[in-house]
Amino acid sequence: MVEKAKGETAYLPCKFSLGPGDQGPLDIEWLLSPADNQKVDQVIILYSGDKIYDNYYPDLKGRVHFTSNDLKSGDASINVTNLQLSDIGTYQCKVKKAPGVGNKKIQLTVLVKPSGTRCYIDGSEEIGNDFKIKCEPKEGSLPLRYEWQKLSNTQKMPVSWLAEMTSPVISVKNATTEYSGTYSCTVQNRVGLDQCVLSLDVVPPSNKAGTIAGAIIGILLAVVLIGLLVFCCRKKRREEKYEKEVHHDIREDVPPPKSRTSTARSYIGSNHSSLGSMSPSNMEAYSKTQYNQVPSEDFERAPQSPTLPPTKVAAPNLSRMGAVPVMIPAQSKDGSIV
């Protein structure tokens, strides 16, 4: 039986002696019978015809070697390096030198050392509380042994813990400040050990009511803040929507309203244009009626000035006086001259 840790090197001995009648060629063969009985025996290394062959088993390729450089000396031992859990099984050494034949079997067990051990507290380390201190390795082959020690203060474990000194979990009941200190936990198996350290500080109970009240106030303030943000965003959106609606209501194709002054001037201008195109015989009748038709609502009232009574002048007299008919240009709606 050979027990080794994962990653280490296993030495598997196989020594022999030859008799006077053993005259045939020397053949040495190592076989592996895996722990899984469903697998057949595998040749892992072979010596025959003064040559070594070690490419039979892929799982052990490059990890199995003869320890002796002169196998004829009677030493067929091998080394298996960088052991893995898959290397577990029964190894058989066969030596043949006709007519002599011999064999030997070795059981190889690969164990995993404890590693990654973590010590921690499960619960609240407050006075009067119940909690647990735990010691857990990340990996390690069974069986595992545990040992707790106190490293600080009186270096004496509490009496109530003595029954659990070799357990991975210690249950603490009605904790007191005397339990405070530094503790170590050692985990061990047949191939190695590991250790972790724990600092325990038993303190008075905390003010849970104040903590809860503070949490509630914080939540309420957060809700109020979120509400204000939402309100401001909605208000801004409403203002933007209103501005868009007002902008769309203004039609760009509608001309601006006419001023009273431009309307009156346009009306008078058109009448003057008509007056200039009329004959002298019709001018008198036109002057009596047309000026009374200008809408009073379209005029801007100009400052009043004294007016003289109208003097009637006949059209023939106007011609003899050298009057010349004049065409007055009219204005469009926007006030431009046409």
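Which residue's side chain meets that of lysine 134 in a salt bridge? In this predicted model, the partner is aspartate 122, with an N to O distance of 3.3 Å. Lysine 134 belongs to strand β11 (residues 131-136) and aspartate 122 to strand β10 (residues 118-122), so the bridge ties together parts 12 residues apart in sequence. Lysine 134 counts as buried because its relative accessibility, 18%, falls under 20%. Aspartate 122, at 38%, is partly exposed.

The salt bridges number 5. One of them joins the side chains of arginine 190 and glutamate 3 at 2.8 Å, N to O. Arginine 190 is in the loop between β14 (181-189) and β15 (192-200), whereas glutamate 3 is in strand β1 (residues 2-5); the pair therefore ties together parts 187 residues apart in sequence. Partly exposed positions are found for arginine 190, with a relative accessible area of 49%, and for glutamate 3, at 35%. A salt bridge is also formed by aspartate 50 and lysine 72, whose closest N and O atoms are 3.4 Å apart. Aspartate 50 lies in the loop between β4 and β5 (51-53) and lysine 72 in the loop between β6 and β7, 22 residues apart. Both of these residues, aspartate 50 and lysine 72, are exposed.

The largest nonpolar core comprises 27 residues, and Ile28, Trp30, Ile44 and Ile78 have the most contacts inside it. Elements giving two or more residues to this core include β3 (26-34), β4 (42-48) and β9 (100-111). Strand β3 provides the largest share, 4 residues. Beyond its neighbours within four places in sequence, isoleucine 44 contacts residues including Trp30, Leu32, Tyr57, Ile78 and Tyr91. Another core, of 20 residues, lies apart from the largest one and has Ile133, Tyr183, Cys185 and Leu198 among its members.

Notes: Residues numbered from 1 in each chain as written. Predicted model: local features only at pLDDT ≥ 70, side-chain atom pairs only at ≥ 80, totals over all residues. Heavy atoms only, no water. Core = buried A, V, L, I, M, F, W, Y, C linked by side-chain atoms within 4.5 Å. Buried < 20%, exposed > 50% of the residue type's maximum accessible area, 1.4 Å probe, protein only. Contact = heavy atoms within 4.5 Å. Salt bridge = Lys/Arg side-chain N within 4 Å of Asp/Glu carboxyl O.
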